[in-house]
Amino acid sequence: MPASGIRGTHDIPLGSHLCLFYRRPQDFLHVTASFLKAGLADHELCVWIIPPPMSILVALDELSNHGLNGPALQATTQLQISSTGDWYGDSAFDIDHSLKRLAALPPRASQLGYAGVRVVGGPGPFTSIELRQAFMRYEHQASTLIAASPMIALCCYASIQSLETDMIDIMRAHPQALVRTQAGWASI
């Protein structure tokens with residue numbers, strides 16, 4: 001089983017689709033960079049989807065704080081960093097397109113000789129109830145796709161932007177959740 005790279009959690013089986021609620025952008029950056037560092041060490045294809053208000057430059061700086069050369073890793077294609085706008089689309093969220101993009105990652109990783117896929121990120125801004133509902137439909141379908149793939153996905157949501165009802169929907173769409181504890185992060 002691949003290592004999680006997240007303090008307080010251990011190995012995560014392939015096919016896992018987890019969610020994590022973070023309080024501050026710095027928490028998102030630190031946890032996701034640690035998670036990706038473990039995937040990079042295990043020779044996995046790693047995809048990092050950066051939600052607003054964070055930027056790719058800030059993400060690269062965080063990788064540097066973890067002793068990684070982000071630009072060099074991007075040049076090898078082992079690490080792909082994208083904004084949520086570039087990954088999901090700026091104007092409209094297309095569930096089918098996003099699922100096809102996710103499904104294409106394991107064959108691509110295999111073609112490039114990587115051991116598996118590790119995807120981490122967060123949604124774009126929820127500007128409407130319809131967009132929230134569409135994204136939750138995507139998350140439910142993504143769980144099925146991920147469970148059948150040599151992939152691990154960690155979906156991160158800003159807790160201050162997630163209403164209580166959204167948190168319940170988010171947790172229903174993910175078989176596991178990570179929560180912050182005194183010892184680090186724990187799986188529930």
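Me: Are Y22 and F28 buried or exposed?
Reply: This is a predicted model, so local features need pLDDT of at least 70 and side-chain atom pairs pLDDT 80 or more, while totals for chains, interfaces and linings use all residues. Residues are numbered from 1 along each chain as its sequence is written, and side-chain values use heavy atoms, without hydrogens or water. Buried means under 20% relative accessible area, exposed over 50%, partly exposed in between (1.4 Å probe, protein chains only). Y22 and F28 are both buried.

Me: How are the rings of Y22 and F28 arranged: stacked, edge-to-face or tilted?
Reply: Rings of Phe, Tyr and Trp (its six-membered ring) pair if their centres lie within 6.5 Å; planes under 30 degrees apart are stacked, over 60 edge-to-face, the rest tilted. The centres of Y22 and F28 lie 5.3 Å apart. Their planes meet at 45°, so the pair is tilted.

Me: How many residues apart in sequence are the parts that the F93 and Y138 pair ties together?
Reply: The ring centres of F93 and Y138 are 5.5 Å apart and the planes are at 85°, so this pair is edge-to-face. Helices (H or I, at least four residues) and strands (E, at least two) are DSSP runs, numbered from the N terminus. F93 lies in the loop between α4 and α5, and Y138 in helix α7. The pair therefore ties together parts whose separation in sequence is 45 residues.

Me: Within what arc do the buried residues of α5 fall?
Reply: Helix α5 spans residues 95–103, and its buried residues are I95, S98, L99 and L102. The arc is taken from the directions from the helix axis to the C-beta atoms. The buried residues line one face of α5, because they fall within an arc of 100°.

Me: Which exposed residues does the face of α5 turned away from its buried side carry?
Reply: Elements covering the buried residues of α5 include α4, α6, β4, α7 and β5, where contact means heavy atoms within 4.5 Å. The face turned away from that buried side carries exposed D96 and K100.

Me: Which residues does the cis peptide bond join?
Reply: Most peptide bonds are trans. Here omega is about 10°. P53 is in the loop between β2 and α2. The cis bond joins P52 and P53.

Me: What is the relative accessibility of H43?
Reply: Phi of H43 is near 60°, positive in a residue other than glycine. H43 is in the loop between α1 and β2. H43 counts as partly exposed because its relative accessibility is 39%.
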